[in-house]
Amino acid sequence: MDLLQQIVARAKSNKQRIVLPEATEERTLTAADRVIGDDVADIILIGNPDEVYALADKLGLKNIRKATLIDPENNPKSEEYAQLLAELRKKKGMTIEQARELVKNPLYLGCMIIKTEGADGQISGALSTTGDTLRPALQIIKCAPGITCVSGGLLLISKEKQYGENGVLVVGDVAVTPMPDAEQLSQIAVCTAQTAKSVAGFAEPRVAMLSFSTKGSAKHEVVDKVIEATRLAKEKAPDLKIDGELQADAALVPSVGAKKAPGCEIAGKANVLVFPNLEVGNIGYKLVQRLGDAIAIGPVLQGIARPVNDLSRGCSVDDIYYMVAITACQAIDAK
C-alpha cells in the first residue's frame with residue numbers, strides 16, 4: 001500500500017466532516033462525489049442548491065445528494081453565526097451588519113461551521129486565493145495553542161528508499177512564512193513533526209533543523225537562528241527527536257552524518273527536514289521534485305487549531321480528493 005492509499009485508509013477508519021465551500025466548481029464537485037462514493041469523509045457543500053444539483057446532473061454525479069448542502073443565502077443559522085462572528089471580531093471593530101454579510105461568504109461560513117463544531121476541516125482554493133482561504137481561518141478558528149505562525153508542510157516521496165522513512169520525507173516551511181525568526185522556526189519544526197505523524201503516519205518523527213553549517217562548522221547569524229530555534233523546539237516538545245544545525249547531507253546520509261556530527265542521533269536518520277526560511281524550502285523541494293523525480297504532496301497548512309487547507313487554482317480532481325483525506329487525517333489528530 002503506497003502512502004496516498006495509507007492516508008485514504010486512515011481517513012476512512014475515522015470519518016471526519018469536511019467542508020467544501022466551492023461547491024459550484026466542477027473539479028470540487030467531482031472530487032466530492034468520489035469521496036462520498038469511497039466513504040472517505042462526510043462532505044458538507046456550500047452553494048446554491050439549484051446550481052449545485054444542476055451541475056451534478058450535468059456531470060453525471062450520483063452521490064452528491066448524500067452530502068449536506070448549505071445555502072449561504074438561506075441558512076437558518078445565519079444570525080447565530082453573525083452574532084458569534086461579531087463577538088469574535090469586536091476588538092477589530094466589526095459591526096453586526098458586517099458580520100451578517102460575511103457569514104454569507106462560503107469561506108467564512110465554512111469556518112463558522114467548524115468553529116461551532118459542525119465540521120472538522122475545510123478545503124478551498126480551486127477558485128479562491130491563498131489569502132482568501134487563510135483570512136477567515138485565522139480570524140475565526142485561529143492558531144493552535146502555543147502557535148502564532150502558520151506554515152506549510154509537504155510530503156516528498158522519493159524513489160531513493162534509503163532516505164527518510166522508506167523514501168518519504170516531510171519538509172517545512174515551503175509555503176507561508178518567508179523569514180521566520182527563531183521562535184517561529186521552532187513552531188514550524190513542531191508543527192511539521194505533527195504533520196509527519198498525522199498525515200504521513202510516521203511513528204517517530206526525527207527532525208533535522210537544516211543549515212549550511214553542521215554543528216559549528218560555520219559561524220553566522222543565520223546559523224545562530226537555527227541553533228536557537230532547535231533549543232526552543234526542544235523546550236516546546238521535550239519528547240520530540242530533533243537536532244541541528246545540520247547540513248542536508250549530514251541529516252540524510254548515515255556515513256556523512258557519522259563523520260560530520262558524531263554522536264548525533266538525528267544525523268543520517270532524519271525523516272523530517274525544517275528549512276531555515278521559505279526561500280530555501282520552496283526552491284529546495286521544487287529542485288528535488290523536478291531533478292530528482294520526487295512526488296510532492298501538499299503543501300498542507302500547519303498551525304491552525306482545526307485544519308483548513310489551500311488548493312492550487314490549477315488543481316486536479318485527484319488533488320482535491322487526496323487533500324480531503326489529508327485534511328481528515330489532520331482533523332483526527334487535532335481532536
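Me: Which strands do the buried residues of α12 pack against?

Reply: In this predicted model, the buried residues of α12 are in contact with β5 (151-157) and β10 (295-302). The residues concerned are L278, G281 and Y285, and, seen down the axis of α12, they fall within an arc of 65°, so they line one face of the helix.

Me: Why do residues three or four places apart point the same way in an α-helix?

Reply: The general idea is that an α-helix has 3.6 residues a turn, so residues at that spacing point the same way. As for the helix here, α12 covers residues 278-291, and its 14 residues reach 20 Å from the first C-alpha to the last, close to the 20 Å expected at 1.5 Å a residue.

Me: Which exposed residues does the face of α12 turned away from its buried side carry?

Reply: That face carries E279, R290 and L291. L291 has a relative accessible area of 74%, and since exposed means over 50%, L291 is classed as exposed. Together with I283 and L287, L291 also makes a nonpolar surface patch of about 340 Å².

Me: For contrast, is L246 buried or exposed?

Reply: L246, which lies in strand β8 (residues 241-246), is buried, with a relative accessible area of 0%. Leaving aside residues up to four places away in sequence, L246 touches a list of residues that includes A208, M209, L210, C264 and I266. The C-alpha atoms of L246 and K260, which are 14 residues apart along the chain, are separated by 8.8 Å.

Definitions and conventions. Residues are numbered from 1 along each chain as its sequence is written. This is a predicted model: local features need pLDDT of at least 70, side-chain atom pairs count only at pLDDT 80 or more; totals for chains, interfaces and linings use all residues. Side-chain values use heavy atoms; hydrogens and water are left out. Patches are made of residues with over 30% relative accessible area and no salt bridge: like charges are joined within 9 Å, nonpolar side chains (Val, Leu, Ile, Met, Phe, Trp, Tyr) within 5 Å. Accessible areas come from the Shrake-Rupley method with a 1.4 Å probe; for residues, only the protein chains shown count as cover. A salt bridge is a side-chain nitrogen of Lys or Arg within 4 Å of a carboxyl oxygen of Asp or Glu. Helices (H or I, at least four residues) and strands (E, at least two) are DSSP runs, numbered from the N terminus. Buried means under 20% relative accessible area, exposed over 50%, partly exposed in between (1.4 Å probe, protein chains only). The expected span of a helix is 1.5 Å times one less than its number of residues. The arc is that of the directions from the helix axis to the C-beta atoms. Contact means heavy atoms within 4.5 Å.
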